[in-house]
Amino acid sequence: SASSIHSQPWKFIVIESEQAKQRLHDTFANKHQINQLHAKEASHTILLEYDPKLTKHKYRKRLDVEVSS
């Protein structure tokens, strides 16, 4: 998914296998237990991963890779 400045500082992770669902389920063991049920029952779960420390240097490197492709 493109961003307004074409940096794409995120990734989308689709959880669909039973093993991945179990791993997600286990992350709620000590906090937000209400979400445990949903983690295993949903057909798919989409996690949004982002880089909170995106720097100008990282951005420049990403653009260099895209331009050279």
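What pLDDT does the chain average, and what share of the residues score at least 70? The chain averages a pLDDT of 83, and 88% of the residues score at least 70; pLDDT is the predictor's confidence in each residue, from 0 to 100. This is a predicted model, in which local features need pLDDT of at least 70 and side-chain atom pairs count only at pLDDT 80 or more, while totals for chains, interfaces and linings use all residues. Residues are numbered from 1 along each chain as its sequence is written, and side-chain values use heavy atoms, with hydrogens and water left out.

Let's look at the elements next. Helices here are DSSP runs of H or I with at least four residues, numbered from the N terminus. Where pLDDT is low, the predicted coordinates should not be read in detail.

Now to the side chains, where the structure holds two salt bridges, each a side-chain nitrogen of Lys or Arg within 4 Å of a carboxyl oxygen of Asp or Glu. One of them joins K21 to E18, at 3.5 Å from N to O. Both residues sit in helix α1 (residues 18–27), and because they are three residues apart, about one helical turn separates them. K21 is buried at 7% relative accessible area, whereas E18 is exposed at 57%; buried means under 20%, exposed over 50% and partly exposed in between, with a 1.4 Å probe and protein chains only.

The other salt bridge pairs K58 with D51, whose closest N and O atoms are 3.2 Å apart. K58 is partly exposed at 36% relative accessibility, and D51 is partly exposed at 23%.

Notes: Helices (H or I, at least four residues) and strands (E, at least two) are DSSP runs, numbered from the N terminus.
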